[in-house]
Structures are given as structure tokens and as C-alpha cells.
Amino acid sequence: MTQDILMSNDEPMATNDASRNQLNQHCTAAKSAQGAKLLDVVRQVLEAPSIYVFGELLALPNVQELKDGPHIKYYNTLNLFAYGTYKQYRQQPSEYLELTATMQKKLQHLTIVSLAIKNKCIPYEVLLEELEINNVRHLEDVIIEAIYADIIHGKLFQNNRFLEIDYAQGRDIPPGYTSKIAQTLQQWVDSCNTISNCIDVQITRANFEKAKSLKNKEHIEQEIINLKKVLKTQITENDDSMQVDTRESSSMDVRRKPFKTKSSRLHHAPVDTQLYGANHRPFPAKKPEVPSGSMNYLN
């Protein structure tokens, strides 16, 4: 059963600095070269396994002169490696130099880079078509070689048959493409400004709603405080009223029910008014004392 393969640049064939140094050396040699020597420099650059950018060499005046002379195929081939793909070469092979196996493999690597720049997940079907490869094992070998060349980093999903790109080296920028890049960047800036304005509107709205909510909260808290004061006042008044009602009720009970004593329930003896006088308040007659041992009781 096939497994997914994670590829990185643990063992690159050459670093970017080394590739840049090699290209600078070839550019220096090409500046003063003419004729066959210049053509030899161009071929060396196309064959070099670690050089994947060609814009500096292509921009040299003596290299630009090749497109108007008998050696236009050298210029077209160098231009193809700078900006084109393997499929473009296969569509019009007569416009270019006959590529060696090393050159074809290098152009296939550059084609993978172009696809990786456009799409981070590349199906095997697209790669097979663009590279004109019929064997999946051969395709995976080409991808692994590109990864070890340090121009892409990614992971092969063999079960799902696609290449996931983590990193891709940039290619040369075609002439006139900078205006398109500037336009794209301007569109991105405009989109950022639009989003920023929307965020500002949302922030303003959120601040307004927050202030409104705080004001409403303060109003509710003040209403609660006022309500508590009213309730407290009503409770105090009710307590005072209940105390007054209790005192009045107690006074009425006292007036309604006279105090009764034990002596009031006894029969009072006749009072001698002549002895004490008519206006003098008589004392109740004393209960006759019964001699001890007597068997007679008062009726």
C-alpha cells in the first residue's frame, strides 16, 4: 500500500547563495563575450543544475541582440527557461534549441514551480499533462528531484494523488509584468482599505451601542435605588402605623374590661353610715371570725 511522502530541503543540491554566485559568474563572462563564446555561456547556464533564474543574463545587451540574428533559438530557449513551461516547448519545439535530457528535466522542474505558484495543491493529473509524463512513478521521481534541488518544498499524497506545496521559489518576472503586479497590489490595498473602513464603522457602532448600554444600565440602577428608597419609606410608615394601632387597641381593651379583684367577688357586709357618716367612703364589713374548734359556719 502506498504511503504519503513528506519531502523537505534536508539535502539540497545547492543553496540559493551558491546558485546566485554561479549566475553572477556566468553573467560576468557573458558581458564581454561575443559569437560562439556567448552561445557557449548561454548553453552552460541552461545546463547548470543549480541555476533556475535567468533574468540577469537575459537582460544583457549582447544577449538581447541574439533575437535579431541567426542565433535566435538561443535567445528563445533562454527566454523559455526564464518565463515558459515544458508544455510550451513541446507545442513548438522548432522555435528552440534541441534540449538535452538535463535541460528537459530542468524545464520540467521550472514548470512545477510555475504550477506551485498558482496552486498549493496540484493533482497528479495536471502534473502528468503539463510535464507530458505517462508514468506516475516517473512523475514522483521528477517531483522529488525538484524538491532536492531546493526550488519547492512539499508533500506527496500518493493515495489521493496530489502534491501539496509548502514553498516554491519565485521565477523571473516577464517584461511588462510589473504593471500587472502593481495593479494586483493596488487592488489588494483597495480591498484592505475597504475592510479597514468597514471595521471602523463596526467599531463606531459598537462604541455607540456600548455607551447606550452603559447609560441604560445607569438609568436602571438609579431606578432601583429610588425604588428601594420608596419601599423603605413605605415600610417605615407601615411600622409606625402598626405601633399606633397597637397602642390604641390596648387602651380600648383596658377601658372595656375593668380590673377585677378577689374581694369584688365577695358579698360586702352592711356599712354603718351613722358611724362613718353619709359622705365618708365606708370600708367593707369584716368577715366575722370563727372561733377555732367551732362547727358553725357562716351562711
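Reply: One aromatic cluster is formed by Tyr-86, Tyr-89 and Tyr-96. The model is a predicted one.

Me: How are the planes of Tyr-89 and Tyr-96 arranged: stacked, edge-to-face or tilted?

Reply: The ring centres of Tyr-89 and Tyr-96 are 6.1 Å apart, and their planes meet at 50 degrees. Planes under 30 degrees apart count as stacked and those over 60 as edge-to-face. The angle of 50 degrees therefore makes the pair tilted.

Me: Is Tyr-89 buried or exposed?

Reply: The cut-off for a buried residue is under 20% relative accessible area. Tyr-89 has 7% relative accessibility, so Tyr-89 is buried.

Me: Which arrangement do the rings of Phe-157 and Phe-162 adopt?

Reply: The centres of these two rings, Phe-157 and Phe-162, lie 4.5 Å apart. Their planes are at 15 degrees, so the arrangement is stacked.

Me: Which residue lies over the face of Tyr-52?

Reply: The distance from the ring centre of Tyr-52 is 5.7 Å. The residue placed over that face is Lys-106.

Me: How many disulfides does the whole structure contain?

Reply: A disulfide requires two cysteine sulfur atoms within 2.5 Å. A search of the whole structure gives a count of zero.

Key:
Residues numbered from 1 in each chain as written. Predicted model: local features only at pLDDT ≥ 70, side-chain atom pairs only at ≥ 80, totals over all residues. Heavy atoms only, no water. Phe/Tyr/Trp six-rings, centres within 6.5 Å; stacked < 30°, edge-to-face > 60°. Buried < 20%, exposed > 50% of the residue type's maximum accessible area, 1.4 Å probe, protein only. Lys NZ or Arg CZ within 6 Å of the ring centre and 35° of its normal.
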